[in-house]
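Subject: Structure for you to look at

Hello,

Here is the structure I said I would pass on. Please open it first and then read the notes below.

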Amino acid sequence: MTMRYMDEFRDAELGRALAGKILGAVEPGRHYKVMEVCGGHTHSIYKYGIDDLLPENVELVHGPGCPVCVIPMGRVDDGIALATENDIIFTCFGDMMRVPGSEKTLTEAKADGADIRMVYSPLDALRLAKQQPDREVVFFAIGFETTAPSTALTLRRARAEGVTNFSCMCNHVTIVPPLRALLDSPDLRLDGFIGPGHVSTVVGCRPFEFIPEDYGKPVVVAGFEPLDILHAIRMILAQLSDGRCEVENQYSRVVPYEGNPAALKVMSEVFELRPHFEWRGLGFISQSALKLSDAYAELDAEQRFGVPGVRVADPKACQCGEVLKGVIKPYECKVFGTACTPEHAIGTCMVSPEGACAAYYNYGRFAREKELV
Amino acid sequence: MSEGLFPSCDHTRGCITCGDEAIRMRVVRIDADRELALCSEESGERASVEIALVQPVAAGDVLLVHAGTAIAHADGEVAA
C-alpha cells in the first residue's frame, strides 16, 4: 500500500512555496498569534520544523488539546485508589500511566503490585474482561471527542454482549468549553485558531462557529501533514488581511462540516455532561466533561466501586497551566528541562508526546536557539 | 490484547491512542454481524476495528482509525 497523496502533503518544495505566500500575506510590524488547539498539531509543528518556515512575526501558541496534559492530579489519585483498593484489573492508555499523581504514577502503582495494564483501545479492555470473567476489569477513559465515541461503542457492546465484569471510569472532556475559557482569559491575545482535525471528524465544524461569531476570530480546521498546517496558517492570515472571520475547513477531504452523526448519536446515548470538571492548569470548567448517562450507570466504575474524589492542587513549580493557555512557551517554565523532563515529568505537558513541553523538549532546540539570537 | 501492535507510545513518534490523532488503515475482512473489521496498517500490522460509525464499509476501503474505532472514511487520502 503506497500513500500516494500523503507524499504530496510533505513535499518540501510546495512547503517553501506556501511559506513564501505566508510571508507575502503578513503586514510588517504586526505580530500574529495563532493557537493550534490540538496536541497532534503541536507534535507535527515540532516534528517537521514548521515554526522555522514562518516569518518571525507569526507566532504559534500551543493550546489545551492534549488529552493527557489536562487530566488533574486528583483524577490520577482516584484512579490509583480504584486500582489498589479493589481486586481489579485496571486498564488505560500508555501515556496515562506516566502522568504524576500527588504521590505516584500508575506505572509506579503497578510496580507496587496493582494489576494495571496498558491497552490500545477500550475494545482491548473489553476483550480482556471476556477472557477473564472472574476478574473485574475497569477502563480508565481519557480523551476529547475523537476518543469518546470509541468508549461509547465499547460500553454499548459490553451491554449488548452481557459482559458484567467490565466498567469505565470516565474522564472524557470536550473541546469547546476550554476554548471559551481561553478566549475569556484576559492575559491572552490570540488572532486565530487552527481547529482540531480529528475532533472535527466527530463534532464537525459548527461547534467552532461561536469563535468568529462571539469573539471575532478566524478558525481553520486543519489536517496533520506539514502542508495542511501551513495551508491553514495561510488561510487564517488571508481572513485577517481581508477583515473576515469565519470557520473554514482546510481538512475537507476527511472532515464533513456536520461531523459524524452516528458518533454523536452513540455519545449522546452513553454519556451526559458533568456539571463541572477540573482541568490541569485551567481549574474547574462548567459542562466541560462527560460521565456515563443514567442508562449506562451500571457500567460506571465510580458508582460500582466508589472513588475518593481527591482534589489536589497542581505542583507549585509546574507552570503547565500557563503553557496550556499559551501564556508562556514551554522553555520559559521554571522547571523545563531541569527538574521536569520526559523521563521524570513533574507536569503533564512533559508526559505525552502531544504535550507542548515534550514536543519542545524533543524537537524544539533549534527553534529556541533561533529565538535566543 | 494487542501489545506491540502500535509501537508508538514514545516521545518521537507520538501516540495514536493517547493523542488526538488517527491513523489510516485498510479493511481486509468484515464481520458484519458484530460490526467489526480486520484492518491493516501501512506497515502490515493488523487489528480489529469498530466500524459502526462509518457504515457502509467494504473490503479495501481506507478508514481513519482512532483508539480501535473508525471515525471517518479516508479513501481520498491514499491509493492502493
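This is a predicted model: local features need pLDDT of at least 70, side-chain atom pairs count only at pLDDT 80 or more; totals for chains, interfaces and linings use all residues.

Residues are numbered from 1 along each chain as its sequence is written, and chains are lettered from A and ligands numbered from 1 in the order in which they are written.

Chain A overall

Chain A contains 17 helices and 13 strands; these are DSSP runs numbered from the N terminus, helices being H or I with at least four residues and strands E with at least two. Its radius of gyration, 21 Å, is close to the 21 Å that the globule rule gives for 373 residues, so chain A is as compact as a globular protein of that length. The radius is taken over C-alpha atoms, and the rule is 2.2 Å times the number of residues to the power 0.38. The C-alpha trace of chain A spans about 65 × 45 × 45 Å along its principal axes.

Of the 373 residues in chain A, 54% are buried. Buried means 20 or more other C-beta atoms within 10 Å of the residue's own, exposed means 12 or fewer, and partly exposed is in between, with C-beta atoms placed from the backbone.

A helix pair

In chain A, helix α3 (residues 39-47) packs against helix α16 (residues 356-363) at an angle of about 10°, the axes being 9 Å apart. Axes are lines fitted to C-alpha atoms, for helices over the stretch in contact, and angles run from 0 to 180 degrees between N-to-C directions. α3(A) is therefore roughly parallel to α16(A), a label for angles under 35 degrees.

Backbone features

A:Gln287 is not a glycine, yet has a positive phi of about 45°. A:Gln287 sits in the loop between β12 (283-286) and β13 (290-292) of chain A, and counts as partly exposed because it has 13 C-beta neighbours inside 10 Å.

In chain B, B:Glu35 also has a positive phi, near 50°, and is a residue other than glycine. The loop between β1 (23-31) and β2 (36-40) of chain B holds B:Glu35. With 16 other C-beta atoms within 10 Å, B:Glu35 is partly exposed.

Finally, B:Gln55 and B:Pro56 are joined by a cis peptide bond, with omega about 0°. B:Pro56 is in the loop between β3 (46-50) and β4 (62-66) of chain B.

Regards

Key:
Angles under 35 degrees count as roughly parallel, over 145 as roughly antiparallel, 65 to 115 as roughly perpendicular and the rest as oblique.
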